[in-house]
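Open the model and keep the sequence beside it. We will go from the whole chain down to single residues.

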Amino acid sequence: MKRSPAEVLKTPKVLKASAAPNVSEAPPLSEAGNSSSSQPTVCRRRQQHLTLKRLILLLALSSATVTLLNSFYASYQVQKEQLIQHELDSNFAYATKLAATTNNFLRSAQQQLAYAAGELQYRMDDHNYLLRQADRLRLQTDSFNSVVITGADGTVLATSPNTLEIIGEKLRSEGAIEALKKQIPLISAPYISATGRLLVVISQPLFDRQGRYIGYIGGSLYLKERSILNDMLGTHYYEDGSYLYVVDKNQRLLYHPNKSRIGDVVTGNRVIRQVMSGNGGSLSVINSEGIEMLAGFAPVTISHWGIIAQRPLKATLASLNDVVAQVLYRSLPITIITFFTIWLLARMIARPLKQLADTARTMDQPQTHERLHRIRSWYFESGELKHAMEKGFSLLQQQIGQLRHAASTDPLTGVYNRRSLDIFLSQLQADHTEFTILALDIDHFKQVNDHFGHEAGDKALTSLTQKMSELSRDGDIIARTGGEEFVLVLPSTTQKQALTIAERLRISVAQMQINIVGSIKVSVGIASSRKNTYTPKQVLKQADQALYQAKHRGRNRCVVYREPSYEKSCTTEESRTSQAEHNTTEEA
Ligand SMILES: Nc1nc2c(ncn2[C@@H]2O[C@H](COP(=O)(O)OP(=O)(O)OP(=O)(O)O)[C@@H](O)[C@H]2O)c(=O)[nH]1
C-alpha cells in the first residue's frame with residue numbers, strides 16, 4: 001500500500017510541514033535514560049520487585065497477621081489467666097470443704113470418746129464392759145481402726161479388735177505418753193504404735209468420781225491402711241495428676257496418694273507454711289517433682305492440720321489448646337476472606353498507578369494518549385497523577401513535534417531538508433514505488449544576492465518553494481538540498497510526465513514577480529528510478545548530472561538524464577525542451 005509523504009514523514013504537505021520525519025529510531029525516553037550506566041539498571045530491577053501492589057499487600061497482610069496473632073495471644077492469655085484463677089478458686093473451695101468435713105469428723109470422734117469416757121468412769125474394773133465399750137466405739141460408727149482403754153500408768157485394759165494382744169502391756173508410744181502426761185482431750189501427732197503401725201490417736205482422759213485421773217480411751221486412725229480418713233480423702237483422687245494431701249502441725253504428711261510418703265516431713269513448701277499459719281487460700285507452686293501445681297489449701301482448725309488440693313498447671317491448660325485450635329478453625333473462613341479482600345483492594349489501588357507507570361515509559365509515542373485516557377483512575381491521587389501526565393504528555397508531544405519539525409525541515413523555506421529527503425526516498429524504494437526527481441537550481445543566484453542583498457535573496461528562495469508547492473500534488477515532496485538547490489520528488493510519475501511538470505514549473509517561476517528581485521530563472525535536471533532499476537542515491541546523482549547539463553547548455557532549461565548509450569534520444573528530448581525554454585523566454 002502506498003503512503004503519502006505526510007504519512008512517511010509524519011507531516012503534512014511540504015510547506016505546511018509541522019512535524020518531523022519519523023524519528024522512531026531514537027530510543028524511548030526511559031531507555032535513553034538507562035543506557036549510561038549499569039547502576040540504575042540494577043536499581044530498576046530491584047524496584048520492579050518492589051511494586052506498589054506488593055508493598056500494599058506486605059503492609060496490609062503483615063498488619064492483619066500481627067493483629068490476628070495479637071488478638072489470639074491476648075485471648076489466649078486472658079483465657080489462660082481465667083482458667084488458672086478458676087482452678088485456684090476450685091481447689092481452694094475443695095480444700096475448704098474437705099477441711100470442714102475433716103473438722104466435723106474429728107469433733108464427732110472426740111464427742112463419741114467423751115461420751116464413752118463418761119460411761120467408763122463407773123466401771124473401770126469391769127473388764128468385759130471395757131471390751132464391749134471398745135468394740136462398740138470401733139464398730140458402731142467405723143470412725144476408728146482400733147480403740148484402746150488404758151489405766152493411769154498406761155497399762156492396756158481393753159482393746160478392739162481383741163486381736164491386738166497388747167492387754168496388760170504398758171504403752172510407751174509417743175501418743176500414749178503425751179495422753180498420759182497431758183491428761184486432756186488430744187489428737188496426737190503421727191507415730192509408730194506398739195503394733196508397728198503409723199497412726200494418729202484421738203484420745204479422751206478418764207477421771208473417777210473424785211476427779212482423779214484413771215487413764216484414757218483412745219481411738220486410732222491408721223495412716224497407711226484403710227481408714228475413715230483415707231476413705232474420706234482418697235475418693236477424690238483424679239487421674240490427670242490432681243491430688244490432695246494432708247499435713248499435721250509438724251508439717252508431717254498424714255495423707256498422700258503416694259503412701260510411701262506418708263509420715264515424711266515436708267519443708268520449704270510455701271503452701272504448707274501458709275496453711276500452718278491458719279490461713280486458707282490458693283497459690284501456684286512447684287511440687288517436689290518439679291511440676292507446677294495450682295494449689296488450694298485450708299486449715300483443719302480442731303487438729304491444726306492442713307489440707308491441700310492441687311492440680312498440675314499443664315492439665316488445667318490442656319483444654320485451652322483445644323479451645324485455641326477451635327478458635328483458629330472457626331476463624332479460618334473469615335481470615336481467608338479478609339486476606340482475599342486485602343489482595344483485591346491492593347490490586348485495585350495499585351492497578352491505575354501501575355498502568356500510569358507503564359504508560360510513562362512510552363510517553364514519546366503518540367498512541368500513549370489513548371492508553372492514558374483509558375486508564376481508570378478511580379481515586380483522588382491516581383486521578384491527579386493521570387491529569388498531570390495527560391498535561392505533560394500534551395506538552396511533550398508538542399515539543400517532540402516542534403523538535404521533529406526543526407530536525408526535518410529547512411528553517412528558511414519550511415520545506416524538508418536533506419535528511420528527510422533521504423528517509424522519504426528510502427521509503428519509496430522499500431514500497432517499490434517508481435519515482436522521478438526534479439533537481440532545481442536558481443540561475444545566477446549569486447548575482448541576485450550581490451545586486452539586491454541577502455534578504456532579497458532569501459525572499460527569492462521562499463517564493464520559489466511556494467511556487468513549487470503550488471504546482472506539486474499531494475504526495476510530492478519538496479526538499480532543499482543546498483543553498484539555492486531544491487529537489488522535487490514525484491512518486492509514481494514517469495520521466496515524460498515529469499518533464500511536462502518541470503517545464504510548467506520552470507515557466508511559472510520565470511513568470512513570477514518577486515519583490516525587489518524581480519524575476520528569477522531556474523535550471524532543472526530530471527532523472528527517474530525507472531521501475532526501481534536505480535537506487536535513490538543514483539537517481540539523485542543522475543538528476544544532478546542532468547542539472548549540470550542544463551547549466552552547461554545555457555541555463556533556464558530542463559534536461560532529462562539519459563544513459564550515455566542513449567545519447568541520441570537524449571539530444572532529441574533536450575532540443576524540444578530548449579525550444580520550449582526559448583519560447584518562454586520570449587514571452588517573458
Ligand atoms: N540569500 C541567500 N543566498 C544564499 C543562501 N544559500 C546560498 N546562497 C547563495 O547562493 C549563491 C550560489 O552561487 P553559485 O553557487 O555561484 O551559483 P549561481 O550564482 O546561482 O550560478 P549558477 O548556479 O551557476 O547559475 C551564493 O552566492 C550563496 O551565497 C541563502 O540561504 N540565502
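Of the contacts in the chain with a separation of 6 or more, 60% are between residues 24 or more positions apart. Two residues are in contact if their C-beta atoms, placed from the backbone, lie within 7 Å. This is a predicted model: local features need pLDDT of at least 70, side-chain atom pairs count only at pLDDT 80 or more, and totals for chains, interfaces and linings use all residues. Residues are numbered from 1 along each chain as its sequence is written.

The chain has 17 helices and 16 strands. These are DSSP runs, numbered from the N terminus: helices are H or I with at least four residues, strands are E with at least two. Of the 588 residues, 33% count as buried. A residue is buried if 20 or more other C-beta atoms lie within 10 Å of its own, exposed if 12 or fewer, and partly exposed in between.

Now find helix 9 (residues 313-360) and helix 11 (residues 380-408). They pack at an angle of about 15 degrees, with their axes 10 Å apart. Axes are lines fitted to C-alpha atoms, for helices over the stretch in contact, and angles run from 0 to 180 degrees between N-to-C directions. Helix 9 and helix 11 are therefore roughly parallel (angles under 35 degrees count as such). Helix 9 brings Pro352, Leu353, Leu356 and Ala360 to the contact, and helix 11 brings Ser382, Leu385, Lys386 and Met389.

Is Ile501 buried or exposed? Ile501 is buried, because 21 other C-beta atoms lie within 10 Å. Ile501 sits in helix 15 (residues 495-511).

A cis peptide bond joins Ser160 and Pro161, with omega about 0 degrees. Pro161 is in the loop between strand 2 (156-160) and helix 6 (174-182). Gln251 is not a glycine, yet has a positive phi of about 65 degrees. Gln251 is partly exposed, with 17 other C-beta atoms within 10 Å. His432 is not a glycine either, and its phi is positive, about 60 degrees. His432 lies between helix 12 (418-430) and strand 12. With 10 other C-beta atoms within 10 Å, His432 is exposed.

Conventions: Parallel < 35°, antiparallel > 145°, perpendicular 65-115°, else oblique.
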